[in-house]
Amino acid sequence: MSMSAAKPRILVARAIFPEVLDALSQHFDVESNQADVDWGPEELAQRLLDKDGALTTGSVRISAELLAACPRLRICANMAVGFNNFDVDAMTAAGVQGTNAPDVLTETTADFGFALLMATARRVTESEHYLRAGQWKRWRYDMFCGSDVHGATLGIIGMGRIGQAIARRGALGFGMQVIYHNRSRLDAATEATCGARYVDKETLLRTADHVVLVVPYSAASHHTIGAAELALMQPTATLVNIARGGVVDDAALAQALRERRIAAAGLDVFEGEPQVHPDLLTVPNVVLTPHIASATLRTRRAMAQLAADNLVDFFACGTVRTPINTPRPVARRA
Ligand code: GLV
């Protein structure tokens, strides 16, 4: 008789680095999706029916209905720092551990926030389109004049790890005056390290030359920036969203950009992505990228590895590295 217990069964719901999949196979009975098929909610629930755990990405929705249909599931490890794809309350009530992938992406994502800020302020993609379209015939004194990043006032909404990393870049690298708004104020030592000063949201919107959004998405942060907030911003100001679609009212933003009520925007995330509001596709003064802020090979590997480590640790010793909830103990079917 074999002494080895059956391996836990996990579902890797999207395509993932093959080496991480191989490592998972040492510990688990793995069903994967290397073809990266878009499973709808019913197919996902069906595949999770006999699984003990799942490795998910931000596009995989773990809802109360799915949890009710999959009573065997005990952990969902998200390969993302954000976890608004999870119904965390329902997971907690169902005794399902959730984990995310923080820290390993902080500096990479801050780099991208800065890249988007610079591309937006200095009109990088708009001018590239002009060049590619063969419209560049000669130099002109005011051609694609943008606004300075160095020495400007940077307003950061959401001052977690990534917000702080952007603040340090602005203050230390670009001599910016950094102001921020957050649910709670940072302690004085952290403010000093970031070179950042706390202000209320209205002051930030009225004062900043460049506004960067880095808040997690929740009902409370839905449309943090809408028509009223855009109206407070300076006509020369820029707005960058690397947080989540839904933090900005994209229709209101497209209108403000068209009417030049703000100068420009840089967006890596969108309401209803991968759909993009059609009006954003027709205004020239917006830089659009397909949710790639954490996308360097090294960082994406580290995110996948952290999600895998959470699964391995959970089944080996019942603890995880980066929990997002404390699940209610519930009796489960073996
Ligand atoms: C990406 O958006 C993430 O939350 O990691």
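Me: Hi! How many residue pairs in polar contact does the rule find across the interface of domain 1 and domain 2?

Reply: Three residue pairs, with both partners at pLDDT 80 or more. A polar contact is a pair of N or O atoms within 3.5 Å; within protein, one must be able to donate a hydrogen and the other to accept it, and residues adjacent in sequence count only if both atoms are side-chain atoms. This is a predicted model, where local features need pLDDT of at least 70 and side-chain atom pairs count only at pLDDT 80 or more, while totals for chains, interfaces and linings use all residues. Residues are numbered from 1 along each chain as its sequence is written, and side-chain values use heavy atoms, with hydrogens and water left out.

Me: Where does the domain assignment put domain 1 and domain 2?

Reply: Domain 1 covers 9–104 + 297–317, and domain 2 covers 106–288. These bounds come from an automatic or database domain assignment. Taken over C-alpha atoms, the two centres are 32 Å apart.

Me: And which residues form a salt bridge?

Reply: Arg161 pairs with Asp103, and their closest N and O atoms are 3.5 Å apart. A salt bridge here is a side-chain nitrogen of Lys or Arg within 4 Å of a carboxyl oxygen of Asp or Glu.

Me: What area is buried between the domains?

Reply: About 560 Å², with 41% from carbon and sulfur atoms. Buried area is the accessible area (1.4 Å probe) that two parts lose on being put together, summed over both. Asn84, Asp103 and Thr299 supply 66% of what domain 1 buries against domain 2, more than any other three residues.

Me: Changing topic, which residues are around the ligand?

Reply: Ala80, Val81, Gly82, Leu105, Arg244, His291 and Met303, each having a heavy atom within 4 Å of the ligand.

Me: Which polar side-chain atom lies 2.6 Å from a ligand oxygen?

Reply: One from His291. A polar side-chain atom of Arg244 is 2.7 Å from a ligand oxygen, and a polar backbone atom of Gly82 is 2.8 Å from one.
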